[in-house]
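Please look through the sequence and the model before reading on.

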Amino acid sequence: MKTTFTALVLLVTGVFYAQENPEQKKLDSIKKSEILLDEVKVAQKKKYIKVESDKTTISVKDNAMLNGGNSLEAVKKLPGVITSPTGSITLNGRGVAIYIDGAPSSLSGTDLQNYLNSLPANAIEKVELIYNPGASFDANASGSIINIITSTKRLKGINASFNINYNFNKYQKPSPQILLNGKEKKLSWQAMIGYNYIDEENKTTYDQTFTAFNPNKYLNQENFSQSTNRNIYARFGTNYRLSQKSNLLLNYNLNFGNDRSTFDAKTLGENINYFNEGISKNKNSNHELSLQFKTKLDTLGRTFDVVAYSNLFDRKPITDSNARDFISNTNFYNYGNNDFNLQNHYLKYDFVFPFEKLKFSVSTGGKFNVLNVENLGNYYVNTPIVNTINFDYSETNLAFYAEARKKVKKFSFTAGLRFEDFNVERVSSTIAEKIKFRNTNVFPNLSAIYEMNESINFTASYSKKISQPDYNRMDPNNGSVFDQYNTSQGNVFLNPTFFDNYEFKISAMQFINLGVNYTRAKDANLFVFSADANATEAISNQTSQQFDQFNTFSAFASFPIPLDYFLKGKEEFKNRMSNIDNMNYVFLNVNYIKSDIKGYVFPYSNKAIMNYAAQAQIILPWKVKNTMTYFILPSGNWEIYKITKPIQQFDISFNRDFMDNKLKIGLHCFDVFNSNEISALIAGQNLESNFAQKRDSRTFRLSLTYNFGNLKLEKENTDIQVEKKQAGGGLVK
């Protein structure tokens, strides 16, 4: 391990020449006061990535690799982020909670993915990958947090940025967006308005073996869908400076969606030749409102913040289909509609008490959260009789925390405790009695950081977390995604999952991460395909199942390779160090993940899985910047799914700035070789499924951004600190 680490440090020595040069260190010290705290910059030098002991921060807005599409595309390209075969997002093999501007998202499943699809990546200032969040964060965060921070800088006067992404393959997909911001006296503001139009195709196949029958029954199913997703979004933010020490911040975000999908499905089996076609429509709206008062209590750095937050989300999907079995010569039909509503409200406060002379700080706070979900589904399946499924979910959560940080020479220690009291009620027409339970728990977190020198530190941490099952997993309504041979429903009886997270990591030179983590999950919820052993017909059911204990071990490494140091020579490399925009480099990320489920017998060998990802920047003639990204997830076991074919994708883009950087033009191609396809084996109760999915992922994009107005930045922090950013040791800054 020592030899490998030494070789790695030597490999990237050129990248960090400025940090090791005494004269450069002196210059950096002089310029340190000029750093803008809300940018990923050190000593006036652009950095697209900054590695710290408790988190990694990635700049997005000025990073051509990430800012060309939507937020979901950008998140999937971040170091250590892996998308599972079921579509969920993980960080270094560990589950994540998605935060937007510090606020934990209320949405889950496809609702969350659609929301991230609607937020353009060029509206993101930076993304924080928080590996082991402390007590100041919600305990309902499973393991890690991805915090997406949108642009909140205010410029003097009125300024604007116009952006349009024109995507095309066999479909045309325009997405225009305008960003306005300004500052006048004590008031600063920002408004972002845009429209997305997305067409896509998706082909899914299942080869299923029903093992409860004697002999086994086999079904081959195919589904081809064509979807159109349209949404209008607007994001507004203001900051009013009440005094030199106090600010009042208000954010309002809204999104209106209108989606449409047509599908053709067929099922073949013994004495079965079934064809189903139909259309699904879905209108939805999302409103978010946050108000924050933040003040400095004195010159010692003590602060007090209060935040009020509300989220209102609704959708109304409608599905209408007709089917025919050509062997029995029988016609079928299926109609369903849903009325889904979500309301989430909370009030929270935070105190921070630093004691600089003692190198000690204490933070404390509390939160009260109310979440309500209602879904009324009406279904007509081959009969005029209406089948109604009513689902209501309510949750209240009262939380308090205290966290202390102490620095002792080269060591920084953090110890925190969070109290969470959950009261949950689930009501469904599919069960006889209301499900009620109360979770009252204490969640500790501990971390220690050893700063070997200015460039290298070691971190060890532990945290206990909980994950309440989200509405997407519990809701028995299936959104009418079913036919004669398929059903889809939530599991109302799921219990919360408790996590014990352990991590050890080496961070070097603000670019390198080497580490391992281990997570033990009790009552883990996983998505499965299953079949009823007593059924007379072969019917597949998609749902979530509880597993007693699910353990995950992962190792990860991320580091840059400075191509200029090898290709251009040491002197030219030092000249380019002043601006990373002019550098040629490759950034590599490698993950090793091994899962183990207690009490579950795999029908195949439990093989660990690797993930490899690379991002490269190449400076071409005529000031053209070429960026490339590639990832591959080879065959192996992901949770309870066996990936039988490597999942991979290669993207490439060319970008050029004009008119003193006011005009930016880019040409991009995603999934150049059209190779991003999922193939997996899923073993469930009485059912084995060979699953394959292929989207029309090869897409070309022409992007154009024009900035006009006063581009001189005025330093002003207007981030709404909905959740504390600090998660590691040391003093609060």
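How many bridges join β23 to strand β25?

## Strand pairing around β23

The structure is a predicted model. In it, β23 is joined to strand β25 (residues 497–508) by 12 bridges, and the two strands run antiparallel. Within this part of the model, Thr459 stands opposite Lys505 in β25.

Strand β23 (residues 456–467) is also joined to strand β22 (residues 435–451), again in an antiparallel arrangement, through 7 bridges. A hairpin of 4 residues links β22 to β23. Glu451 has Asn457, in β23, as its bridge partner.

## Confidence along the chain

The average pLDDT of the protein is 83, and 87% of the residues score at least 70. Confidence is highest in strand β21 (residues 411–428), with a mean of 95, and lowest in strand β1 (residues 41–42), with a mean of 36.

Two stretches call for separate mention. Over residues 1–44 the pLDDT stays under 50, and the model has 70 contacts beyond four places in sequence for these residues. The pLDDT is also below 50 over residues 713–733, a stretch with 100 contacts in the model beyond near neighbours in sequence.

## Nonpolar cores

The largest nonpolar core contains 48 residues. The members that touch the most others are Ile98, Leu116, Val127, Leu129, Ile146, Ile148 and Val373. Apart from residues up to four places away in sequence, Ile148 touches Val75, Ile98, Tyr99, Ile100, Asp101, Leu116, Ile124, Lys126 and Val127.

Ser225 is placed in strand β14 (residues 217–241). Ser225 counts as buried because its relative accessibility is 11%, below the 20% cut-off. With neighbours within four places in sequence left aside, Ser225 is in contact with Glu200, Glu201, Asn202, Ser261, Thr262 and Phe263.

Phe602, in turn, lies in the loop between β28 (585–598) and β29 (609–620). Is Phe602 buried or exposed? Its relative accessibility is 15%, so Phe602 counts as buried. Phe602 and Gly684 are 82 residues apart in sequence, while their C-alpha atoms are 9.8 Å apart in space.

Note on methods
Residues are numbered from 1 along each chain as its sequence is written. This is a predicted model: local features need pLDDT of at least 70, side-chain atom pairs count only at pLDDT 80 or more; totals for chains, interfaces and linings use all residues. Side-chain values use heavy atoms; hydrogens and water are left out. Buried means under 20% relative accessible area, exposed over 50%, partly exposed in between (1.4 Å probe, protein chains only). Contact means heavy atoms within 4.5 Å. pLDDT is the predictor's confidence in each residue, from 0 to 100. A nonpolar core is a set of buried Ala, Val, Leu, Ile, Met, Phe, Trp, Tyr and Cys residues joined through side-chain atoms within 4.5 Å. Two strands pair if DSSP finds at least two bridges between them.
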